[in-house]
Amino acid sequence: MITSISLIITFIGRKCAQQFKMSAQKQQQYSFSQRLLTWFDEHGRKDLPWQQNKTPYRVWVSEIMLQQTQVVTVISYYLRFMQKFPSVVDLANADQDEVLHLWTGLGYYARARNLHKTAKTVRDDFAGEFPTNMSDMISLPGIGRSTAAAILSIANNQDEVILDGNVKRVLGRYYAVEGWPGNKKVEDEMWLLAQNLRPESRHGDYTQAIMDLGATLCTRSKPSCEQCPVMSECLAYAQGRQSELPHKKPKKQIPTKSTIMLVPFYQGSILLEKRPASGIWGGLYGMIESSENDLDSTILALVGKEPESTHALEAFTHTFSHFHLHISPILIQLDAPLQQVNEGERMWYNLQQPSNVGLAAPSVKILKQITHYL
């Protein structure tokens, strides 16, 4: 009898502990989301171009552009893009060169290629309307879980949470999460934390609010903790670890590679070559490349004879996420146009009347050098 009573008391105790824990989690969820939404109502950003007339298409384009790129840079590109392609079908029907041309300068050009592919898929497989469920959304090129959630929550007010760089920083500090957020185990933990904090309504506003918090107050360096609506519950603030958290990616040595970029010039135009669809600067027009060892043979094969004159332009280094590329441009002045230029792969680019094609950042830099030199 005593044993039975003890078991009953133990069971009741565990049940109460579970309910208390659930109640505490619910209270924390309510406290975080409500404080954040109250702050957003007063201080959040609401006048950005993609926050007006919210549609899945407009939100999607902004989310892709904002990957690896700051808001202040994106605004002008976004406005031009929307003016040229006001709908997903307009984008799908455009030529890739036209899309890449409008993207020139934003970098990470795989985003633009995937944007074009996705537009075609939405046009052809979804009758021109973005899907409204997560599985279909993440099946589209270039759309991962966080981007899909942003589109669904902001445009449709669906109950989805995001985990972009800003949110990882907020959660990493709020919960004092140990480890680099890019680690799969740490990221999985953050997904659970993000889901636990989500509100019961106003999902779109909450998504925008937590992004704004990371972008404006909980910044990488010198966060404005005293203005943060959830400062009183932030573990990083309590522990004085704001500058330490979230942990940075473990450093590794970045290799340096070298290339020579040839710039044939004739009567105000230079010869450009279209790069393969995949890989670095895929689908963009750029300079014909050569190694130092193959330079003479490459020039001879290109020009067909000894060129009239060559001039070494200023060398520079372009940095990718995984290596540095040292670029040495060489201007080749021709006394006659090259024969048999395949217009599908190469084109004469008039410096005075530029074509609407996508150019990689180093190509743009070399073009400016040529204009100054000539």
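This report describes the backbone, the nonpolar cores, the cavities and the aromatic pairs of the structure above.

The model is predicted, so local features are taken where pLDDT is at least 70 and side-chain atom pairs only at pLDDT 80 or more, while totals for chains, interfaces and linings use all residues. Residues are numbered from 1 along each chain as its sequence is written, and side-chain values use heavy atoms, with hydrogens and water left out.

**Backbone**

Most residues other than glycine have a negative phi, and most peptide bonds are trans. A cis peptide bond, with omega of about -10°, joins L245 and P246, and P246 lies in the loop between α12 (235-239) and β1 (256-266). Helices (H or I, at least four residues) and strands (E, at least two) are DSSP runs, numbered from the N terminus. Q68 has a positive phi, near 65°, and is placed in the loop between α2 (56-66) and α3 (71-84). A176, which is not a glycine either, has a positive phi of about 50° and is found in the loop between α9 (165-174) and α10 (184-197). Are these two residues buried or exposed? Q68 counts as exposed at 64% relative accessibility, whereas A176 is buried with a relative accessible area of 12%; buried means under 20% relative accessible area, exposed over 50%, and partly exposed in between, with a 1.4 Å probe and protein chains only.

**Nonpolar cores**

A nonpolar core is a set of buried Ala, Val, Leu, Ile, Met, Phe, Trp, Tyr and Cys residues joined through side-chain atoms within 4.5 Å. The largest has 96 residues, of which Y57, W60, F81 and I270 touch the most other members. A second, separate core of 13 residues includes L271, I330, I332 and L334.

**Cavities**

A cavity is a set of points on a 1 Å grid over the protein atoms alone where a 1.4 Å probe fits but cannot get out, and its lining residues have an atom within 4 Å of a point. Grid points are joined across faces, edges and corners, and a volume is the space filled by probe spheres set on the points. By this rule there are three cavities of 30 Å³ or more. The largest has a volume of about 140 Å³ and is lined by 15 residues, of which R173, C218, C225, C228 and C234 lie nearest its centre. Helix α9 gives the most to this lining, with three residues. The second largest cavity, of about 50 Å³, has a lining to which β3 (285-286) and α14 (361-373) each supply at least two residues.

**Aromatic pairs**

The structure holds nine aromatic pairs, where rings of Phe, Tyr and Trp (its six-membered ring) pair if their centres lie within 6.5 Å, and planes under 30 degrees apart count as stacked, over 60 as edge-to-face and the rest as tilted. Two of the pairs are set out here.

| Pair | Centre to centre | Angle between planes | Class |
|---|---|---|---|
| W60 and F130 | 5.1 Å | 55° | tilted |
| W281 and F320 | 5.5 Å | 50° | tilted |

W281, in the loop between β2 (269-274) and β3, and F320, in the loop between β6 (316-319) and β7 (324-333), are 39 residues apart, and both are buried.

How values were computed. On a 1 Å grid over the protein atoms alone, a cavity is a set of points where a 1.4 Å probe fits but cannot get out, and a pocket is an open set with protein on both sides within 12 Å along at least five of seven lines; lining residues have an atom within 4 Å of a point.
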